[in-house]
Amino acid sequence: MAEVDSRPAAAKVDIKPIISERLSKASARPRVAFRPDEHLAYREDPKVLTLKDIGLSEDVGISPVAVSEPFPLFTEEATNIMRSEVFTQEVWDNCLWSTDFAGCMLRGTCPKYAPFMNEAWKDPKTLALLSKVAGIDLIPVLDLDVGSINVSVQDSSENQQKLENQSENDIPVTKWHVDSYPFVCVVMMSDASQMTGGETAIRTGSGEIIKVRGPQMGSAVVLQGRYISHQALAAAGGAERITMIAAFRPRDPFVSDTSVLTSIRPISHPSELYFQWTEYRVEVLQERLRIMLEVLRKEHVLGHPTDVAKIKEFLNQQAQWLLDTNTEIVAK
Ligand SMILES: [Fe+2]
């Protein structure tokens, strides 16, 4: 989810091979409920690189964790159910976006078109696992960014050739960027066993570039993408490469949250985006005000003096929160 120049979707998207032949009618599919004990494949904690490991100061982010190694998250069955939810005519008619950054994206499928995927990302067990990997309690930011799908159907021979020719120089598929949201989780939705490349390149504090290998089908990588400069590298060797990305923010309303909509605005319908954005921002503010008032009243009842400087600081922070919230809403 990076800085992008977009163009309205469907008509200009010329990628619909292979997969288009398999598009089914959503109504033809039996509804399956997400069952964490059956559909989660997580077994043990993956290795992680911390901010410190990559030479960054711990206070640049909201957690000490920079990025995880790939780890099994969803079972093959669960991954296939999610695929079947997004490869329907309804989704391709209503959720397809194309930008220079990503030629073929399916966005806004949750919860309407992809109820299983929606449940999977919001299940308390899934969130607990991701939070454990991320080193901070996380929840999804917006429904629009629960389970966005990036599809690339590549000329694998061409990419393979390029990769072979450029053993020293990887082929970037995105520019260097930071994400719009604090954390992202990227899940591989294709059989990646024959793929080469597909890593995420990360810039360390000293300017050195390190690469984190890409996940296999059903596996995930967690990245604190808002605070770490990164770029996706091309993969070769697979007929299709489909990844699912979910965006997260801290559950605790008092933890810093610098989410923006820079890269989201061009790939979202304004009505839906600004409803979800406003709802989330106001909910966080409501929760902060509720807790603050509770503390204030308690202190008052106990006969303690009111901490005026602290109130002013708190109110200034909330004024800034509203200002930032409003700035991200760009009326046409
Ligand atoms: Fe990114």
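## The second largest cavity

The second largest cavity has a volume of about 30 Å³. A cavity is a set of points on a 1 Å grid over the protein atoms alone where a 1.4 Å probe fits but cannot get out. Its volume is the space filled by probe spheres set on the points. The model is predicted: local features need pLDDT of at least 70, side-chain atom pairs count only at pLDDT 80 or more, and totals for chains, interfaces and linings use all residues. Residues are numbered from 1 along each chain, and side-chain values use heavy atoms, without hydrogens and water.

Lining residues have an atom within 4 Å of a point. Among them here are Arg249, Asp257, Arg288 and Trp321. Strand E16 (241–250) and H7 each supply at least two. Helices (at least four residues) and strands (at least two) are DSSP runs.

## The second largest pocket

This pocket has a volume of about 640 Å³. A pocket is an open set with protein on both sides within 12 Å along at least five of seven lines. It is lined by 29 residues, and Phe254, Glu313, Phe314, Gln317 and Gln318 lie nearest its centre. H8 gives the most to the lining, with 10 residues. The lining draws at least three residues from each of domain 1 (6–260) and domain 2 (280–327); these bounds come from an automatic or database assignment.

## The iron site

Which protein donors hold the iron ion? They are His177 (NE2), Asp179 (OD) and His230 (NE2), lying 2.1 to 2.2 Å from it. Donors are N, O and S atoms within 2.8 Å of the metal (3.2 Å for Na, K and Ca). Both His177 and Asp179 are buried, meaning under 20% relative accessible area with a 1.4 Å probe, protein chains only.

Key: Buried < 20%, exposed > 50% of the residue type's maximum accessible area, 1.4 Å probe, protein only.
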